[in-house]
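Keep the structure in view while reading.

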Amino acid sequence: MTHTVVVAGVGPGLGESLARRFVEEGCRVALLARTASYVEGLADDFGDGVVAVPTDLTAPDDVAAAFETVRTELGPVDVLVNHASGGSWKGVREVSLDEFEHAWQVGARAGLQCSQEALDDMLGEGGTGGTIIFTGATSSIRGRGGAAAFSSAKFAVRGLAESMAREVGPQGVHVAHVVIDGSILPPGQEVEQPEEYLDPDAIADSYWHLVEQDRSAWTLELDLRPHVEEF
């Protein structure tokens with residue numbers, strides 16, 4: 001089966017690795033991100049079946065228009081990766097209300113709206129279900145000091161994913177939340193102890209496994225970390 005995939009929040013590193021893995025599996029892929037030059041260049045590199053859709057995920061009209069573009073260019077969506085996140089690295093006394101709200105808009109609100117759009121295809125007329133994956137972090141399950149906006153937004157995303165899984169799972173939509181517990185290898189950089197980092201291509205393998213899982217044994221939450229990471 002050829003999937004139509006939306007990766008919402010594509011950037012260098014894991015987002016690019018996720019998109020590449022879906023392309024390698026023969027999927028039609030839409031790349032959503034705010035920086036047009038980046039996603040357009042990436043789409044050109046990947047070739048046929050990949051479209052760049054410059055999108056401000058914090059703007060509801062942009063998100064709605066993006067999914068209309070995807071349907072026109074690639075067809076109904078049956079795989080969505082909610083990968084965007086944001087948050088200033090400030091504590092509770094320093095973070096502004098605007099910064100706090102922005103982290104929620106990028107993560108939880110955009111994740112909800114993108115999921116609503118995808119579910120219209122997955123559960124609407126002719127829909128046969130699908131997969132929605134949320135990218136989480138250590139902060140999804142353990143608040144981090146000095147990261148009030150990021151941690152609270154990641155908690156919200158995890159709750160959204162769990163609620164959605166219970167609601168639409170019985171209707172044939174696999175919803176999974178992935179906890180990335182550790183630092184990811186930065187693209188194009190040398191690091192002193194690479195074994196302490198997650199390989200983004202290896203993470204992408206796990207995302208593809210979630211898409212391919214049999215519905216008799218779906219994963220709700222998957223946590224990934226380097227073998228040397230303490231937890």
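A cavity here is a set of grid points where a 1.4 Å probe fits but cannot get out. The model is predicted. By that rule, the structure holds 2 cavities of 30 Å³ or more.

## The largest cavity

Helix 4 gives the most, with 5 residues. What classes make up the lining of the largest cavity? The residues divide into 8 nonpolar, 5 polar and no charged.

## The second largest cavity

The second largest cavity has a volume of about 40 Å³. Its lining consists of A84, S85, G86, A103, G107, F150, A153, K154 and V157.

Which helix supplies the largest share of the lining of the second largest cavity? Helix 5 does, with 4 residues. Helix 4 also supplies at least two residues. By class, the lining of the second largest cavity has 5 nonpolar, 3 polar and 1 charged residues.

## The largest pocket

Now the open spaces. The largest pocket has a volume of about 840 Å³. Of the 36 residues that line the largest pocket, H83, A84, S85, G86 and F150 are the closest to its centre. Of these, A84, S85, G86 and F150 also line the second largest cavity.

Four elements each supply at least two residues of the lining of the largest pocket: helix 1 (14-24), helix 4 (97-123), strand 5 (130-137) and helix 5 (148-168). Strand 5 gives the most, with 3 residues. By class, the lining of the largest pocket has 15 nonpolar, 16 polar and 5 charged residues.

## The second largest pocket

The second largest pocket has a volume of about 250 Å³. It is lined by 17 residues. Closest to the centre of the second largest pocket are H3, G130, T131, V211 and R215.

Strand 5 and helix 6 (200-212) are the elements that give two or more residues to this lining. Helix 6 gives the most, with 3 residues. The class count for the second largest pocket is 5 nonpolar, 8 polar and 4 charged residues.

What is the strand order of the open sheet? The sheet has 7 strands in the order 3-2-1-4-5-6-7, with parallel pairing. Strand 3 (50-54) and strand 7 (221-224) are the edge strands, and each pairs on one side only. Neighbouring strands of the sheet are turned by 15° against each other on average, direction ignored.

## Aromatic pairs

Ring centres must lie within 6.5 Å for a pair to count. The count comes to 2 aromatic pairs. Why is the pair of F22 and W208 edge-to-face? The planes of the two rings stand at 70°, so the pair is edge-to-face. The ring centres of F22 and W208 are 6.0 Å apart.

This pair links distant parts of the chain. F22 is in helix 1 and W208 is in helix 6, 186 residues apart. Helix 1 supplies at least two residues to the lining of the largest pocket, and helix 6 gives the most to the lining of the second largest pocket.

Methods: Residues numbered from 1 in each chain as written. Predicted model: local features only at pLDDT ≥ 70, side-chain atom pairs only at ≥ 80, totals over all residues. Heavy atoms only, no water. 1 Å grid on protein atoms, 1.4 Å probe; cavity = no way out; pocket = protein on both sides within 12 Å on 5 of 7 lines; lining within 4 Å. Points joined across faces, edges and corners; volume = space filled by probe spheres on them. Nonpolar A, V, L, I, M, F, W, Y, C, P; charged D, E, K, R; others polar. Pairing = 2+ DSSP bridges. Axes fitted to C-alpha atoms, helices over the stretch in contact; angles between N-to-C directions. Phe/Tyr/Trp six-rings, centres within 6.5 Å; stacked < 30°, edge-to-face > 60°.
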